[in-house]
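This report covers surface features and charged side-chain pairs. Please look over the sequence and the structure first.

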Amino acid sequence: MNVSPISTYAGLINGSAAVQAASQNADKARFSELLDKLRAANGKEKESTLSSSQIAKNGRLNGEYTTGFAGLYTSESDKTAMPRGAAANQANPNVKTKTIDKTSELYQKAQELENYFVKQMLSEMRKSINKASESDFATGMYEDMLWDEYSEAMTKNAGFGLADQIYNQLS
């Protein structure tokens, strides 16, 4: 059998391709094995994909830059507070106003929902402001953080009463 130099060269190239293919197949097999292990582990445990070190007090994530509403109300008088803002203005004078436990977790979540609505309102208002120059990504990010803090301060101090209404409806 007569072997030409061209076929020998092709055999070398094909040989390296075979080695590379074998390596890829081994990688695929290891990856499939890893996926199977992960699927088996997820089948046994139905938990969050976050580790416990990533979750702070009251379900907040580490790295959240807002101050939040936890611990804002702590006195005894806050447990029997009267509603304020829109929640205090009852349309029906025959309905007795309910007191609000501002120390409860439900009230904190109601404040977070009110804060979300205020953020949405402020973001729409910000769109109407003409800017003199283009801003870069970092400036936009820090402006968003600033406006988030503004909305949180407004939620805490303005007395819109939306959180009070939400609390009264859910309690």
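In which helix is Phe31 found? Phe31 is found in helix α1, residues 5-44; helices are DSSP runs (H or I, at least four residues) numbered from the N terminus.

## Basis of the model

This is a predicted model, in which local features need pLDDT of at least 70 and side-chain atom pairs count only at pLDDT 80 or more, while totals for chains, interfaces and linings use all residues. Residues are numbered from 1 along each chain as its sequence is written, and side-chain values use heavy atoms, with hydrogens and water left out.

## Nonpolar patch

Together with Leu34 and Leu38, Phe31 forms a nonpolar surface patch with about 310 Å² of accessible area. Patch residues have over 30% relative accessible area and no salt bridge; like charges are joined within 9 Å and nonpolar side chains (Val, Leu, Ile, Met, Phe, Trp, Tyr) within 5 Å. Areas come from the Shrake-Rupley method with a 1.4 Å probe, and for residues only the protein chains shown count as cover.

## Salt bridges

The whole structure holds 8 salt bridges, each a side-chain nitrogen of Lys or Arg within 4 Å of a carboxyl oxygen of Asp or Glu. One of them pairs Lys109 with Glu112 at 3.9 Å, N to O; both residues lie in helix α2 (residues 105-127), 3 residues apart. Lys109 is partly exposed at 37% relative accessibility (buried is under 20%, exposed over 50%, partly exposed in between; 1.4 Å probe, protein chains only).

Lys156 and Glu152 form a salt bridge with the closest N and O atoms 3.6 Å apart. Glu152 is buried, at 3% relative accessible area. Salt bridges with shared partners also join Arg126, Glu143 and Asp144 into one network.

Methods. Helix = DSSP H or I, 4+ residues; strand = E, 2+ residues; numbered from the N terminus.
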